[in-house]
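Open the model in your viewer and keep the sequence panel beside it. The stops below say what to select next and what is there.

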Amino acid sequence: MEARVDRVEQKRQVLFLCVFLGMSWAGAKPLRYFAVEETDRGTFLANLANDLGLGAGELSARGPRIVSDENVRFLLLNAFTGDLLLNEKLDREELCGPTEPCVLPFQLLLEKPFQIFHAELWVRDINDHSPAFLDREIPLKILESATPGAAFLLESAQDSDVGANSLSNYTISPNAYFHINVHDSGEENIYPELVLDRMLDREEIPELSLTLTALDGGSPPRSGTALVRILVVDINDNAPEFLQSLYKVQVPENSPVGSLVVAVSARDSDTGSNGEIVYAIFHATERILKTFQINSTSGNLHLKGELNYEAIQTYTLTIQAKDGGGLSGKCTVVVEVTDINDNTPELLLSSLTSPVAENSPETVVAVFRIRDRDSGNNGKMICSIQDDLPFVLKASVDNFYTLATDKPLDRERNTEYNITITVTDLGTPSLKTEHSITVQVSDVNDNAPAFTQSSYTLFVRENNSPALHIGSVSATDRDSGTNAQVTYSLLPTHDPHLALASLVSINADSGHLFALRSLDYEALRAFEFRVGAADRGSPALSSDALVRVVLVDDNDNAPFVLYPLQNGSAPCTELLPRQAEAGSLVTKVVAVDGDSGQNAWLSYQLLKATEPGLFGVWAHNGEVRTARLLSERDAARHRLLVLVKDNGEPPLSATVTLHVLLVDGFSQPYLPLPEAAPERAQADSLTVYLVIALASVTSLFLFSVLLLVAVRLCRRRRAASEGRCSVPGGRFPGHLVDVSGTGTLSQSYQYEVCLMGGSGTNEFKFLKPIIPSLPPHNTVREVEENPSFKNNLSF
């Protein structure tokens, strides 16, 4: 019991010694860690943060990762503590086979910034396998003539353990005839040899059975046994001999199964069955028996399985030639496997970053490693990507590469990139492999919304209904997602008189513009404002455009008569001398229209007259003129009804009533119009008196002015004889009195006036007017600025 406890304690000491003596780091040597096979999963190996001189937080921030060539997940790294743990139980024999030491290389990859540390896990063997013979019984024939000291090869045992735990010794059960010699084959494999101690006598002992025991060097040691059955035969004094004791041959790894490797040959001088030779592979490993086979009669060695240079480069075989008498000879065949370029390069991707933000500086997109299992030029590689991509490959140590952006990316130009990484070896013929990765480009808000037009002109007919859709603006954003979602708004106007918020509104999502109220062309013919478009990025980007709203006129205003006034006051009477010729200007109807364009084109029409045919109205300017010469038979008072109509659709109109009084001179009393109603007689009488008084004062004033002008002219031109007016005692020069069109007339008119003497009255003599050429028929558009229009000043 105590011995068992001691053994358990010793195993634990070995385990902890192997685990905690795990690392050796000096200069460029890799980190080295040790573990004993069959150690439980989760066993602590070391703390990488301490070994690298990094804090646990720093190690976690740098993105540590364990990678290996075979992608075997035999290690587990706790990124937060830096602890390196076993991820599974390790079987050294399965991982490394007969190779010693059993070294599993791996790399510690730190991504931020990129750095690689090489490390190795050394797996130590434990004595968990016993030696075993392929055959439980070994037959052996020995001639009775064999002399003491003769040696006989026996089958060797197999032990999967290595080092001290591997096969170390053979023993034979105690007997009087044989002992065991142990020989080293030079390939870390020992084989037993049965040595004869004294002569055999077949007649005395025809058969011997001995127990052959194979021992390993473990603690405690393990063993395996086989029964050696010895048959004593008659004498056969010649053993087979090979022509060569050593055969060396090179075989390409792509040699087909069944192809000839080498032909061995042995000879025997005996005759009969003692000279018949049988060839066999002797004390071969299981792998050799699966790979090679020999023709027992001819000695031709053929391939039984495929060769693989990357797995095993050299095979050493022992070929035995045995005759019919039981004598044998041996030779060694060394088969060297030559490499061919039969392995395509491999790409092992360690990390991939996607998507990559546009406009970012140099960014590492991927980290990968390339390898080729061939050797020589067959294992040398070159790595490349397409030339037309904004990416670059950067080589690192141990065939590691980084794929990084060569310049900032633009998502609006390319939303993704398909990158093909090509790895080509230098073999003949060369082999290559291609690995494609897709890198998405994520959007950054680097594009402001752009309007389809820099300015918009919208036409809206006045008197629109509220909430009328009057037009739209549109902006697009080359970004994506929320960075491309556009919101519209009205920008503040700099015009303090424009209440924009009460005129229009905009749909923030669609850009549709609406009139908030009915618009009046006569109050506001056009207005402009700016519309903004902003995206929803962070920070947001925006742009603006000018919108001009032009109102289109409706025929919603009837003509308005400015002269004569129609406001219910005393009617304005136009005085017309009876001496007026046909075509003389009587008065002018002045009207305006609040509309514009065709809706404001006015035309005039005489609807009704006291005496038809005496007066006419010019259709385009509203001038009322005599149509013929006046006669004594014409009534003194005339009433005209004039229609003023615009050119809208439908047209609107207004009427005006004119009163014309035919007079012989200004001294003629102003008589009331007979059309006045009896009930307004008193008011009309007062109006008549006021008109007469105004006319008298005006006449006296004009008379005084004309007299003063005439006197001065006569004095200056007294000697002139061409005067056309004469008075007793002298002549006044002819003079034209100019009456400008500041009243109801649209142009100036000139009349000849002379003052007659001896008539007993002071009155003006109306003579023939000098009428200038008539103006073209233009629509009356001017508005008289003088609020009080003078009556009867059409001299």
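In this tour, a residue is called buried under 20% relative accessible area, exposed over 50% and partly exposed in between (1.4 Å probe, protein chains only). The model is predicted, and residues are numbered from 1 along each chain as its sequence is written. Local features need pLDDT of at least 70 and side-chain atom pairs count only at pLDDT 80 or more, while totals for chains, interfaces and linings use all residues; side-chain values use heavy atoms, with hydrogens and water left out.

**Stop 1: helix α6**

Select residues 681–716, which make up helix α6 and include R716. R716 has a relative accessible area of 70%, so it is exposed.

A patch takes residues with over 30% relative accessible area and no salt bridge, joining like charges within 9 Å and nonpolar side chains (Val, Leu, Ile, Met, Phe, Trp, Tyr) within 5 Å. A salt bridge is a side-chain nitrogen of Lys or Arg within 4 Å of a carboxyl oxygen of Asp or Glu.

With F701 and V709, V705 forms a nonpolar surface patch of about 250 Å² of accessible area together. Accessible areas come from the Shrake-Rupley method with a 1.4 Å probe, and for residues only the protein chains shown count as cover. V705 is partly exposed, at a relative accessible area of 37%.

**Stop 2**

Strands count as paired if DSSP finds at least two bridges between them. To find one of these contacts, pick A280, whose bridge partner in β22 is Q320.

T314 has E336 in β23 as its bridge partner. Five residues separate β22 and β23 in a hairpin, and G326 in its turn has a positive phi of about 95°.

Go back to V278 in β19. V278 is partly exposed, with a relative accessible area of 45%. Draw a C-alpha to C-alpha distance from V278 to N295: the two are 8.7 Å apart in space and 17 residues apart in sequence.

**Stop 3**

Select H283, in the loop between β19 and α5 (286–291). H283 is not a glycine, yet its phi is positive, about 25°. Is H283 buried or exposed? At 15% relative accessibility, H283 counts as buried.

Move to N463, in the loop between β33 (455–461) and β34 (468–472). Its phi is near 65°, again positive in a residue other than glycine. N463 is partly exposed, with a relative accessible area of 40%.

**Stop 2: cis peptide bonds**

Select K112 and P113: the peptide bond between them is cis, with omega near -10°. P113 is in the loop between β6 (102–111) and β7 (114–124).

Finish at E649 and P650, where the peptide bond is cis with omega near 0°. P650 lies in the loop between β48 (637–646) and β49 (653–663).

Definitions and conventions. Helices (H or I, at least four residues) and strands (E, at least two) are DSSP runs, numbered from the N terminus.
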